[in-house]
Amino acid sequence: MGLKSVLCAKIEMKANKDVFHDVFTNKPHHVSTMCPLHVQGCELLEGIFGTVGSKLCWTYTLEGKEKISKQVIDTIDEEKKVITFKEFEGDIVNKYDNWKATLHIETKGEIDLVSWTMEYERPNENVPELINLLDFIIGMTKAIDDHHVKMN
């Protein structure tokens with residue numbers, strides 16, 4: 001059994017909160033056009049975009065290195081604006097066990113927030129926390145938000 005870790009980030013959005021949820025639920029293949037420095041592609045491997053059980057293959061660049069993440073959409077809650085992805089193959093699960101990321105769009109007062117939560121297990125103390133991946137996700141989120149603000 002590994003060392004359980006949870007990393008979270010909440011980023012204030014300037015764009016419409018429904019747009020962000022829709023992008024990751026129904027149009028993840030558009031992410032690479034919104035933040036090409038972060039994500040180079042998202043291919044549907046199995047299923048239909050926007051449905052639980054669908055499998056995606058993300059290609060992205062982390063710290064100057066090309067990476068791959070094959071994920072299954074584990075949960076979608078349209079009402080609560082929540083989607084969870086679990087990696088079943090790729091660069092993360094080559095080192096870490098049980099990696100999953102949850103995207104939640106929430107409103108606190110007048111502020112809309114994109115909330116990301118990563119959960120995973122490190123095999124031992126020598127394997128670092130995924131702070132670099134959390135930084136990547138924050139940068140990607142800001143780039144997508146900026147893309148939508150410029151569009152409007």
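Modeller: A word on records comes before anything else: UniProt annotations may be inferred rather than shown by experiment. Here the unreviewed UniProt entry places the feature "domain: Bet v I/Major latex protein" at residues 2-151. Please keep in mind also that this model is predicted.

Biologist: How much of the chain is helix and how much is strand over residues 2-151?

Modeller: Over that stretch the chain is 23% helix and 48% strand. The C-alpha atoms at its ends are 44 Å apart.

Biologist: How should I read the strands?

Modeller: Strands of a sheet pair through backbone hydrogen bonds, either parallel or antiparallel. In this model, seven strands form an open sheet in the order β1-β7-β6-β5-β4-β3-β2, and the pairing is antiparallel. At the edges stand β1 (3-12) and β2 (39-46), each of which pairs on one side only. From one strand to the next, the twist averages 25°.

Biologist: Over how many bridges do β1 and strand β7 pair?

Modeller: Antiparallel pairing joins β1 to β7 (residues 111-122) over ten bridges.

Biologist: Which strands does each of the helices α1 and α3 lie across?

Modeller: Helix α1 (residues 17-26) lies across β3 (55-62), β4, β5 (82-90), β6 (97-108) and β7, and runs at about 155° to β6. Helix α3 lies across β1, β2, β3, β6 and β7, at about 25° to β1.

Biologist: What is the general idea behind a nonpolar core?

Modeller: In soluble globular proteins, nonpolar side chains tend to be buried together. The largest nonpolar core here has 38 residues, and the members touching the most others are F24, V31, W116, M118, L130, L133 and M140. Helix α3 (residues 131-151) supplies the largest share of this core, seven residues. Leaving aside residues up to four places away in sequence, M140 touches F24, V31, C35, H38, V39 and W116.

Biologist: Is S69 buried or exposed, and why?

Modeller: The test is relative accessible area, and buried means under 20%. S69 counts as buried because its relative accessible area is 2%. This serine belongs to strand β4 (residues 65-77).

Biologist: Which residues does S69 touch?

Modeller: Beyond four places away in sequence, S69 touches L56, C57, W58, Y60, E87, E89 and G90. The side chains of S69 and Q71 are also joined by a polar contact of 2.8 Å.

Methods
Residues are numbered from 1 along each chain as its sequence is written. This is a predicted model: local features need pLDDT of at least 70, side-chain atom pairs count only at pLDDT 80 or more; totals for chains, interfaces and linings use all residues. Side-chain values use heavy atoms; hydrogens and water are left out. A nonpolar core is a set of buried Ala, Val, Leu, Ile, Met, Phe, Trp, Tyr and Cys residues joined through side-chain atoms within 4.5 Å. Buried means under 20% relative accessible area, exposed over 50%, partly exposed in between (1.4 Å probe, protein chains only). Helices (H or I, at least four residues) and strands (E, at least two) are DSSP runs, numbered from the N terminus. Contact means heavy atoms within 4.5 Å. A polar contact is a pair of N or O atoms within 3.5 Å; within protein, one must be able to donate a hydrogen and the other to accept it, and residues adjacent in sequence count only if both atoms are side-chain atoms. Two strands pair if DSSP finds at least two bridges between them. Axes are lines fitted to C-alpha atoms, for helices over the stretch in contact, and angles run from 0 to 180 degrees between N-to-C directions.
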